[in-house]
Amino acid sequence: MLRAPAEIKFAEELDYLESIDTSPKPFSWRLSPRMVRIFVLGSDRADGLDREIPQKWFGDRSFVERSIVTLASDRGLLLIGDPGTGKSWLAELLAAAISRNSTLVVQGTAGTTEDHIKYSWNVSMVIAKGQSKESMIPSPIMTAMERGVIGRFEELTRSTSDVQDALISILSEKYVSIPELPDDDNIVFAQPGFSIIATANSRDRGVNDLSSALKRRFNFVRIPVVTNKKSEAEIVRFRTEELLRRHQIELELPPTLLDILLQSFADLRAAAASATSDDEKLESALSTAEQIGVLEDAILHSQFFGDSTLKAATLASSLVGSLARRSPEDLAILNKYLHGVIEPRSKKDEGGPWKEFLDGGREAISTLS
Amino acid sequence: MSPFDPLREQLASAAETFGAGLIDDVEQALRTDVEIFPVCHHSPASGLAMVRRLREKQPKVIYLELCEDLRPVLDELHNCKLPVALQAFATDIDGFPKEWAPLSVVAPITESSAEYQAIAYALETPGVEIVLVDRSVDHVFQWEPRAESADVGIEIGDLRPGFAALEEHLLHHGKVRHWSEWWDQYVEQPLSGADYETYRQVMVLIGSLFRRLKPTGNEVDEDRERYMWTRMREHLAATGADPADCLYVCGAFHAASPVMDEHLDISPRTKTSWLYGLIPSSHSAIETQFGLAPGSVSIAAATWDKSLKRHGLASYQLGSKRKGKAPAPVESQGLHAFLTQPPVLDGFDEAELLGWCVEIVRLARRNGYLASTADAIAVFETSILLAGMRNRKRPTPYDFQDAAVTCIEKDVVPGRRDVRRLVEIMLGGDKVGQVGYDSLPPLARDVLDRLKPLGLDLEKRTIQRALIDLDAHPELEPCSHLLWILRRLLPDDAVRPIMGSRRLGERSHQESWDLSIGRNQRSIIELGYEGVTIEQVLEQRLRRAVWDPKATASVALDAVEDSILYLGSRRFTDELGARAIQLLSGERTVDDAPDVLRRIRRLLAHYRATEPELPEWAKAFVTTGYAHYCTLLPTAFVEEETGVRQVGAMLGFLFTMESLALSLGCDRAQLELAVQQSHPTVPAKVALLWTARYQLGLLTMAELRELVGELLGSPLVVPSVPQYVSGFVQALESAPALAPFVVEVLSRAFGQLPDDVLLPWLPKLITALREQAPELVPVLVREAERTFPARLGDVDSFTPPWLAKPSSRRAVAASGPVSELLAAHPATGAAVGELLGCEPVADLNAEIGALLAAYPETGVAVAGILA
């Protein structure tokens, strides 16, 4: 499997947690809220476990607590934030911990229809046998309702308003009626434990705004961009190691290069914050996910085309390659950044990696422009 | 024997020493002859324990850890609404670096604090003495050299790990977000019902722990402790008080002191003169100053009220006649039992939480949220779930806050306040204190007295609207005058004129003001440290401004203007004026020339309108200025740093004040020489020089036109033409009569410049005009309006005046036989005219004559008027 869902990847951890969990569990939850928190945020000595549970999502603990509690109440959970802040990852972890199934996902797009949320029909079976429960194809959300588990809706605001509104009745009445079926069997009721975790991108605000009726049925948890350097470093290291394991690459990630990456993103974010127009800032959101992307790109590049050691120059060219999306605006900003910020720094830090980073960046920009 | 055994032993003994040290500290603190009462700031538990202890012990002397020289201010507290802060303030400093001024020390006091309880008890109970024993504010600055001079906050019992990693560790394992929450959950709540002995032991233990884990040394703290003990022993010796009747209230940190028996030779204070007073404070101000989490002081205050009620205690309050009874004894628990047993928490208060849920939904609705009863239910449920997840039996205000944010906050905040802030407001809100009239400094009382005729309650914190009709009620004139001075001295929003203005030569008939004096009490009180009356403060400020080493002539002229407007003292105005002359002649740059010109013009206009003769200083200023600017003119023309605007203003000064200066004995030759010495190279300045020469008669208009024509004709200079034009525009300052010429130049530039020069320049011209010479724009626009046709239809036949033939001069009618003949037979002339293409001119006289003959009454009426 290229990428195992969280419940398979951490199956052993989840089994362990379930075996020692003595606290009351809401509905059909597989773990108690406290254990869900331990699963997501990692364990402390104070939790009294006899093995360590690593931290999987990095961010303010109160976000996680609020999310778990929301799922235990009868409202849906809407994770909202900039792209790349780990919303979907948190949703996956929560679904895996609570119901051991994080794959009941509907991806919201402009082409999502109500059928994707409720049900559709297997046309050939309908022709052969007529409409019945057998010829019906339930959507992931309906499956989640029937099983009493967590359903996920990714990028809720990308789908159109009528599709979004189909969720209202699911979230408040907790059933879906199927008028095509005979009267005695035409309603699918949600089992206890059913809830929805939706994610929405705050950059898409205004594209398909949520109606207030739907807003009322969701609790919003806003996930901010990580700006704390220490936790960002942890996230980048954690995710990159995972990626490296997946590609089976043995490669050392030098701490100085990680520092360079974090520092340059911090600089670019500061620059974007002080920019007055869109032309003066990079199109990229400069999120943590983007940093991981840059690092992954650099690692793969040096693995397959280099000598298997990560160099500052490779990192710089990956950075330029990933962030320069518009020509000439983004290139101009990166050029300005390289010469206005990196160059003085490389002069001060004689013999350090910044010089190499600068050269790599220059070369990448000159190839692109 | 393992090779690690020695290390193991060493570590074990270190741990033992550390642990035993903590217990030793506790024992020592409990053994002292003067009873030590350890407190922590804004801790309701401390406050409760204090109330209980005071009611029980009824001490005769209370020693308090607070700057000893703040003692007189305490007596004023009974006039105030808490929270207020004791303030010590010094502007005249002696013995500290000059750049520290003004020095300010602020010690806020809230009602829930233990120290206020002690103060209130001591002041309200006859025969009880309160002695402040901490170092004086002067020593605060002597001992703790600080780089900045911002407010220094002082509080009793600042108890917080001085060791960031420890705090982080405690927060992480306590599953709380900030220090106030940790304290509340792990110390405050368990201690609120504890007996006195347990309370003392726990507090000393925490103090001792933090003390031992402080990374930077405790030298300053130990010195402070020596200071306090020295003072206490001195007091005991002097009064012969029985130590058993005394209570020493100090922060828990100082309770675990190893230097209690040591003596300190107290150094004398510096010569800085300190002023003391009370200023209003607020919960949010305290939170900001001491880096507490927002809302924590408010939550502490709410907890205090609740605990008082629950334990049936009556707090001490200044000015209140309530007599509390002795509290019921609490069962003793002891430190060991306390630390090893889980805390006895009071039961879950469902009614309170329900009330909060309903209230927050109501508040949210009022602030634009679409919240409903369903949300109240969800908040309730979520609070309980969150508390359960965080290992708490009952939701704390912090859990409730998180729950409310989760359930009510959506993607946008509809109003001014978000849910987090609303919860803070609901749980007590930001309480703002007020200093009563009697405790105000004389200046503030004077201000309130003098504004009394307005008939407004100025102590209210809302904005008051004052309407002053100066024509109908001339007796309100002094109020208006005072308001204008306050406007000059106080921050912007304290007094705001809505209608009416005060400038030289203006007088308002009606004024309307928005006053928020109650809200800006602190600013007014701080003015009180500077003088006894508001006028005195203004006078001092103006004097300080002009004698500042960085003062310039323009600053001094500004001060002169303020003095005329607000103070009206001729002697003082003259003093400021004399200083302005001194500053002007000492200036080596002309950066301020535009300001100087504007201000002196205004002042001269004022004097001409109001006084028979210009004051001496004004005359001297003009003559000095004339000579000064003449001297600097040649360099200003050449120097790169000096802008066109500055040179323009210099010329403005020289030319527009010329007649006055000449009448006062200046010589024009000086100016002529100065202009002749000037050889600018920058185009804009060259243009300025040309206009100066034109004004001096060294250049005629025809020559000037020719110069401009050459500029426009030469392809090499064309790109710099815009700069010349800027120069001409600046010349309007000195020669308003040149306006037609400037319009002409602009018009020709528009007509003849190539697009690649003209188009980039246009926006720059507009912004430059707006920024640098806003007062010149109307002159220019008016002139252009006069020059150019107003209607579209006239544009085709429009000939600019500078292109028109000088034929406008009327030809002198020749006389002689030929002209007489032609006059007698006008038809000839008309025919020739017609032949040449002129419109035939109707004989106006004949028509008018006929009309008048037909209506003779017109003539009669006109004759009547003229008679």
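Two strands pair if DSSP finds at least two bridges between them. Helices (H or I, at least four residues) and strands (E, at least two) are DSSP runs, numbered from the N terminus. The model toured here is predicted: local features need pLDDT of at least 70, side-chain atom pairs count only at pLDDT 80 or more, and totals for chains, interfaces and linings use all residues. Residues are numbered from 1 along each chain as its sequence is written, while chains are lettered from A and ligands numbered from 1 in the order in which they are written.

**Stop 1: a sheet of chain B**

Select strands E9, E10 and E11 of chain B. They form an open sheet of three strands in the order E9-E11-E10, with antiparallel pairing. At the edges are E9(B), residues 464–469, and E10(B), residues 495–499, each of which pairs on one side only. From one strand to the next, the twist averages 25 degrees. E11(B), residues 510–515, pairs with E9(B) in the antiparallel sense over six bridges. To locate this pairing, pick B:Leu467, whose bridge partner in E11(B) is B:Ser512.

H19(B) lies across E9, E10 and E11 of chain B and runs at about 120 degrees to E10(B). Axes here are lines fitted to C-alpha atoms, for helices over the stretch in contact, and angles run from 0 to 180 degrees between N-to-C directions; two residues are in contact if their C-beta atoms, placed from the backbone, lie within 7 Å.

**Stop 2: strand E2 of chain B**

Move to residues 61–67 of chain B, which make up strand E2. Seven of its seven residues are buried, so E2(B) is largely enclosed by the rest of the structure. A residue is buried if 20 or more other C-beta atoms lie within 10 Å of its own, exposed if 12 or fewer, and partly exposed in between, with C-beta atoms placed from the backbone.

Display strand E5 of chain B (residues 129–134), which runs parallel to E2(B) and is joined to it by five bridges. Here B:Val61 stands opposite B:Glu129. Then display strand E7 of chain B (residues 246–251), paired with E2(B) in the parallel sense over four bridges. In this pairing B:Tyr63 faces B:Tyr248 as its opposite residue.

**Stop 3: where chain B touches chain A**

Show both chains. In chain B, 16 residues are in contact with 22 residues of chain A. Helices H15 (373–389) and H16 (397–408) of chain B each supply at least two residues of the side that touches chain A. H15(B) provides the largest share of that side, six residues. By class, this side of chain B has six nonpolar residues, three polar and seven charged. Ala, Val, Leu, Ile, Met, Phe, Trp, Tyr, Cys and Pro count as nonpolar, Asp, Glu, Lys and Arg as charged, and the others, Gly among them, as polar.

**Stop 4: helix H8 of chain A**

Select residues 140–147 of chain A. In this helix, H8(A), the residues A:Ile141, A:Met142, A:Ala144 and A:Met145 are buried. They cover an arc (of the directions from the helix axis to the C-beta atoms) of only 155 degrees around the axis, which puts them on the same side of H8(A). After H8(A) comes A:Gly148, with a positive phi near 70 degrees.

**Stop 5: confidence**

Finally, color chain B by pLDDT, the predictor's confidence in each residue, from 0 to 100. Chain B averages 82, and 92% of its residues score at least 70. Within chain B, confidence is lowest in strand E6 (residues 152–153), at a mean of 65, and highest in helix H22 (residues 553–567), at 90. For the complex, the predictor gives an ipTM of 0.78 and a pTM of 0.65.
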